[in-house]
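Subject: Structure for your review

Dear colleague,

I am passing on the structure we spoke about, and my notes on it follow directly below. Please read them with the coordinates open beside you.

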Amino acid sequence: MRIRLHPALAFVAGWIVFLAAMAVTAGVTRLTGLEGSFAGGFCLKVVLVALAVVMMGLDRRRLADFGLCLSRSRPFDWLIGLALGGLCGAIGSVLIVLTPAEGMGFVRDQAFWQIIVGVWIVSSIGEEIFVRGLVQTWMTGGEALRLGRVRVSSAVLASGLLFGSMHLLIARHGADVWTVCIIVAFTTSLGLVAAWYRERTGSVLLPIVVHVAGNIGGMIGGAMTMIIRAIVTGETPTPPG
């Protein structure tokens, strides 16, 4: 079979698979006794990738069609992708520091090595293989939008919105409304950049790099904002999640 869906339907299908992955993860963590946000997040990304690979195997396409191939890109694309990803992350963290948002405490409680492994590496790779590799490949048809000289397809829009909406679930971990809104806005913008490069290059490699840059940029942007704020006000704000 070859799954070909309108971007809106692929968005719904992506959510169904994501919820199934969450259910499997809940069962695994219960059976194994795994606890904590790091273990749960790590397990969820592994399950997401496993489901994605199984569904890719059932689909009558090459793995390269799902973006699991070398990137058709130039060095300039990588530089711009890194810059845009880092900028998205930095803006998100700056907003969390400068607004009443409390940040993601469940991430703040993790050790630095856990953030590197779980957020920067595992989440970036796992979520991109699932959203950009599997679900975006399903998307076909739909109208395209033009923003100046840039053409944005419905697949790019739906892929970015799917990625952003998946982060609504941080509310289940106690994130406040301000934090949820900022994180969803940040991840949607990051998802749009990653989806555009997935469509442009035919690979998930550059989207993964964009995703990693967004996570690193978020930490750097938040840290710099806290330092500047401390110098100006004399107060040391709580680090954002």
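Two residues are said to be in contact, or to touch, when heavy atoms of theirs lie within 4.5 Å. With that cut-off, and leaving out residues up to four places away in sequence, Gly85 touches Leu190, Val210, Ala213 and Gly214. Please keep in mind throughout that this is a predicted model.

Gly85 has its place in helix H3, and at a relative accessibility of 0% this glycine counts as buried, because the limit for that class is under 20%.

Apart from residues up to four places away in sequence, Leu82 touches Val209 and Ala213. The C-alpha atoms of Leu82 and Gly118, which are 36 residues apart along the chain, are separated by 20 Å.

Turning to the overall fold, the chain contains eight helices and two strands, and along the sequence these elements follow the pattern α-α-α-α-α-β-β-α-α-α. The radius of gyration is 18 Å, close to the 18 Å that the globule rule gives for 241 residues, so the chain is as compact as a globular protein of that length. Taken along the principal axes, the C-alpha atoms fill a box of roughly 60 × 50 × 30 Å. Of the contacts with a separation of 6 or more, 79% are between residues 24 or more positions apart.

As for the interior, buried residues make up 47% of the 241 residues, and the largest nonpolar core has 47 residues, with Phe18, Phe130, Leu134, Val135, Trp138 and Val210 having the most contacts inside it. At least two residues of this core are supplied by each of the helices H1 (7-32), H2 (37-58), H3 (75-98), H5 (112-138), H6 (154-166), H7 (177-201) and H8 (205-233), and the largest share, nine residues, comes from H7. In soluble globular proteins, nonpolar side chains tend to be buried together.

Which residues does Phe18 contact, leaving aside its neighbours within four places in sequence? They are Leu44, Leu48, Phe130, Met166 and Leu169, and Phe130 is itself among the core residues with the most contacts.

Two further residues may be worth a look on your screen. Ser159 is in helix H6 and is buried, with a relative accessible area of 0%; not counting residues up to four places away in sequence, this serine touches Val131, Arg132, Gln136, Met139 and Ala195. Cys69, by contrast, lies in the loop between H2 and H3 and is partly exposed, with a relative accessible area of 26%. The contacts of Cys69, again without residues up to four places away in sequence, are Ala64, Gly202, Ser203 and Leu205. For Cys69 and Gly202, which are 133 residues apart in sequence, the C-alpha to C-alpha distance is 7.9 Å.

With best regards

Terms used. Residues numbered from 1 in each chain as written. Predicted model: local features only at pLDDT ≥ 70, side-chain atom pairs only at ≥ 80, totals over all residues. Heavy atoms only, no water. Helix = DSSP H or I, 4+ residues; strand = E, 2+ residues; numbered from the N terminus. Rg over C-alpha atoms; globule rule 2.2 N^0.38 Å. Buried < 20%, exposed > 50% of the residue type's maximum accessible area, 1.4 Å probe, protein only. Core = buried A, V, L, I, M, F, W, Y, C linked by side-chain atoms within 4.5 Å.
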